[in-house]
Amino acid sequence: MFYTDGKLQYPVRVETPDPLFARALQQAIGGIEGEIRVAMQYFFQACGARGNPKFRDLLMNTAAEELGHIEMLATAVAMNLEGAPLKLKEEIAADPVGGAVLGGINLKNLLSAGLSAMPVDSDGVPFDMSHIYASGNIAADMTANVAAESTGRVLAVRLYNMTSDPGMKDMLSFLIARDTMHQNQWMAALEELGGAAGAFPIPNSFPQEQENQEFSYAFLGFQADGSDPVAGRWSQGSSMDGKGQFRPMPMTAALGQKPVLGPAKPGGGAQQEQM
């Protein structure tokens, strides 16, 4: 169940409306780094969370927070569009590029939403849920969530640096701070799940003796001369899960065979020479 009291989670104010910045803010709503993505990701992860109920509670509360962030950003988009022209001015229309984007406005915001926000990215492409990662494995989901919050914070920082409006900077500073918290809370959840030594490799329920352990901690190098790849933490020393030793493995020869497929089936639309 969700509740609302009609108020924004954090104040949103715009001192100087900027239609171009409104378009940029759409990325934070409907882009692959945006708030719709994380709200739905955490929601569906929560709905499928099994085991200790505290993880479901963690996810659902954060999903509710992200819904509030969508509301804040949608309000900011609408407020920035309030200064947009309602008709193509003659000097803009005369310029093919300017006429196409109406001085920076995504025309969908004007034609389809009446100068309001939409569930689209900065190019007007609708968010299609293809970047929602809810695996049913709590450790895998928490790892995906760290990446989601990291890319979201990168986007928010870029938006912060794009604007000089004090109100927009204040709103974005709040969202950036929340991204900081969320990155840390997902890492804290991973720590509760055992950290690198306990949670990894994911899923930790699969017996490692059933995997081909010759390759479990080998960094494969594909240098044409067969030399070792450039050394790094990932190719030497103890593995991050503490269950093996990293080592370089030059791939001087292919381990498999050339693929040979059977003939095409009649009626499948192939050429006679393929059957």
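Helices (H or I, at least four residues) and strands (E, at least two) are DSSP runs, numbered from the N terminus. The model is predicted, so that local features need pLDDT of at least 70 and side-chain atom pairs count only at pLDDT 80 or more, while totals for chains, interfaces and linings use all residues. Residues are numbered from 1 along each chain as its sequence is written, and side-chain values use heavy atoms, with hydrogens and water left out.

**Exercise 1. Determine how many helices and strands the protein chain has, and in which order they run.**

Solution. 
- Step 1: the protein chain has 9 helices and 3 strands.
- Step 2: read from the N terminus, the order is α-α-α-α-α-α-α-α-α-β-β-β.

**Exercise 2. Describe the burial, the contacts, the surface and the charges of the protein chain.**

Solution. 
- Step 1: a residue is buried under 20% relative accessible area, exposed over 50% and partly exposed in between (1.4 Å probe, protein chains only). Buried residues amount to 37% of the 275 residues.
- Step 2: contact means heavy atoms within 4.5 Å. Of the contacts between residues at least 6 apart in sequence, 71% join residues at least 24 apart.
- Step 3: accessible areas come from the Shrake-Rupley method with a 1.4 Å probe, and for residues only the protein chains shown count as cover. The accessible surface is about 16000 Å², and carbon and sulfur atoms hold 57% of it.
- Step 4: Lys and Arg count as positive and Asp and Glu as negative, without His and the chain ends. Each charge is placed at NZ of Lys, CZ of Arg, CG of Asp or CD of Glu. The mean positions of the 19 positive and 30 negative charges are 2 Å apart.

**Exercise 3. Identify the residues with the most contacts inside the largest nonpolar core, and the elements that give two or more residues to this core.**

Solution. 
- Step 1: a nonpolar core is a set of buried Ala, Val, Leu, Ile, Met, Phe, Trp, Tyr and Cys residues joined through side-chain atoms within 4.5 Å.
- Step 2: the largest such core has 29 residues, and F21, L25, L73, L159, M168, M171 and L175 have the most contacts inside it.
- Step 3: two or more residues come from each of α1 (19-30), α2 (35-47), α3 (53-81), α7 (138-162) and α8 (166-192).
- Step 4: apart from residues up to four places away in sequence, L25 touches L73, A76, V77, N80, L159, M168 and M171.
- Step 5: a second, separate core of 16 residues includes A46, M142, W186 and A199.

**Exercise 4. Locate S235 and W234, and decide whether each is buried or partly exposed.**

Solution. 
- Step 1: S235 is found in the loop between β1 (218-221) and β2 (237-238), and W234 lies in the loop between β1 and β2.
- Step 2: S235 is buried because its relative accessible area is 5%, whereas W234 counts as partly exposed because its relative accessibility is 48%.
- Step 3: with neighbours within four places in sequence left aside, S235 is in contact with F219, V230, F246, R247 and P248. Under the exclusion of residues up to four places away, W234 touches F219 and F246.

**Exercise 5. Find the backbone features at P201, P203 and M129.**

Solution. 
- Step 1: most residues other than glycine have a negative phi, and most peptide bonds are trans.
- Step 2: the peptide bond from F200 to P201 is cis, with omega near -5 degrees. P201 is found in the loop between α9 (195-199) and β1.
- Step 3: I202 and P203 are also joined by a cis peptide bond, with omega about -5 degrees, and P203 is found in the loop between α9 and β1.
- Step 4: M129, a residue other than glycine, has a positive phi near 70 degrees. M129 is found in the loop between α6 (107-111) and α7, and is partly exposed because its relative accessible area is 38%.
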